[in-house]
Amino acid sequence: MHPILLDFGFFSIKTYGFLIAIGFMAGIFIATREAKRLNVDPQIILDIAVYIIIGAIVGARLFFVATRFSYYKDNPLDVFKIWEGGLVFYGGFILALIVCVWVIKSKGLKLWQTFDIFAPALAIGVFWGRLGCFFAGCCFGKACNLPWAVTFSDSQSLAVLNIPLHPTQLYSVMGALFTFIIIYSLRKIKSFDGQLAMIWVFMYSGLRSIIEFYRGDFRGAIIFGQFPVTQVIAFLFAFSSMVIFIVLKTKSSKKV
């Protein structure tokens, strides 16, 4: 839609990268503020956030490159051009989760409480990230003739040009904002640690699995002849979050 935010001739600032940066900063602000409320050292949360950001970027990029390996094996230097778009959320989430668990354990924090601290931060981060996708044109939708269809015309956009498309990025933006409002509203009245984190995983993955039906971009291998791998992962995450939610709630009830 508007992939270049500022163009100085000798270099330019991509809208995608700029909004991703805002998302990270907004997430860190919310997470450290929530940590203070819970009497958790915000500096430790900041340290964890830095590790999460690195893990998320590396994992998201590696997953994206893996789905387009035939291109990147012939253009290896393009692997590092993340400012042009090309980050797969689940790749980043999985690696960031592994790194996060390791750092939390090494810092001696409570695992599920820490996950809850980051839940609203993740929601607001996705909001800004998907807004970045919209401006870059990545994660675009299928062709449609709906009143709210969007048409990309900028030659540097990653979307299919000059055809009305489902604004799947904006569907995700609205979903992320709704998720953030829900989680942020529940943070003071939750009944057990891990509750907010699992609500976030379920809402993100559930909405993602639905939005995937309207996506028009390439998302890797097709499973069962119909579902892209990212949609299958979304289903699995949504189901797993429900199971973990029930287990954590049951354990909490027994303790009480």
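**Figure 1. A buried salt bridge between glutamate 212 and arginine 208.** In this predicted model, glutamate 212 and arginine 208 are both buried, and the two residues form a salt bridge in which the closest N and O atoms are 2.6 Å apart. Aspartate 217 and arginine 215 are likewise buried, and they form a salt bridge with their closest N and O atoms 2.8 Å apart. Through salt bridges that share partners, Arg208, Glu212, Arg215 and Asp217 are joined into one network. The model contains seven salt bridges by the criterion applied.

Figure 2. The closest N and O atoms of the salt bridge between arginine 187 and glutamate 34 are 3.1 Å apart. Because arginine 187 belongs to the loop between α6 (168–186) and α7 (195–211), whereas glutamate 34 belongs to helix α1 (residues 15–37), the pair ties together parts that are 153 residues apart in sequence. Arginine 187 has a relative accessible area of 14% and is therefore buried, the cut-off being under 20%, and glutamate 34, at 6% relative accessibility, also counts as buried. Arginine 187 also lies over the face of tyrosine 184, at 3.7 Å from the ring centre.

Figure 3. Nine aromatic pairs are counted in the model. In one of them, tryptophan 112 and phenylalanine 115 have ring centres 5.4 Å apart and planes at 85°, so the pair is classed as edge-to-face, for which the angle must be over 60 degrees. Both tryptophan 112 and phenylalanine 115 lie in helix α5 (residues 111–136), where a separation of three residues corresponds to about one turn of the helix. Tryptophan 112 is partly exposed, with a relative accessible area of 26%, whereas phenylalanine 115, at 12% relative accessibility, counts as buried.

Figure 4. Phenylalanine 134 counts as buried at 10% relative accessibility, while phenylalanine 135, at 24%, counts as partly exposed. Ring pairs link Phe134 and Phe135 with Phe152 into a cluster.

**Figure 5. The largest pocket and the residues that line it.** The largest pocket has a volume of about 950 Å³, and its lining consists of 43 residues, of which Ala56, Phe89, Phe93, Leu122 and Trp200 lie nearest the centre. Two or more residues of this lining come from each of α1, α2 (42–67), α4 (89–107), α5, α7 and α8 (229–255). Helix α5 gives the most to the lining of the largest pocket, with 12 residues. By class, the lining of the largest pocket divides into 35 nonpolar residues, seven polar residues and one charged residue.

Figure 6. The structure holds two cavities of 30 Å³ or more, and the largest cavity holds about 100 Å³ of space. Among the residues that line the largest cavity are Ala123, Val126, Ser172, Trp200, Tyr204 and Arg208. The elements that give two or more residues to the lining of the largest cavity are α5, α6 and α7, and α7 gives the most, with six residues. The lining of the largest cavity divides into eight nonpolar residues, three polar residues and one charged residue.

**Figure 7. The second largest cavity and its lining.** About 40 Å³ of space lies in the second largest cavity, which is lined by Arg130, Cys139, Thr168, Gln169, Ser172, Arg208, Ile211 and Arg215. Both α6 and α7 supply at least two residues of this lining, and the largest share, three residues, comes from α6. The lining of the second largest cavity has two nonpolar, three polar and three charged residues. Arg208 and Arg215, which are named in this lining, also belong to the salt-bridge network with Glu212 and Asp217, and Arg208 is listed in the lining of the largest cavity as well.

Key. Residues numbered from 1 in each chain as written. Predicted model: local features only at pLDDT ≥ 70, side-chain atom pairs only at ≥ 80, totals over all residues. Heavy atoms only, no water. Phe/Tyr/Trp six-rings, centres within 6.5 Å; stacked < 30°, edge-to-face > 60°. Helix = DSSP H or I, 4+ residues; strand = E, 2+ residues; numbered from the N terminus. Buried < 20%, exposed > 50% of the residue type's maximum accessible area, 1.4 Å probe, protein only. Lys NZ or Arg CZ within 6 Å of the ring centre and 35° of its normal. Salt bridge = Lys/Arg side-chain N within 4 Å of Asp/Glu carboxyl O. 1 Å grid on protein atoms, 1.4 Å probe; cavity = no way out; pocket = protein on both sides within 12 Å on 5 of 7 lines; lining within 4 Å. Points joined across faces, edges and corners; volume = space filled by probe spheres on them. Nonpolar A, V, L, I, M, F, W, Y, C, P; charged D, E, K, R; others polar.
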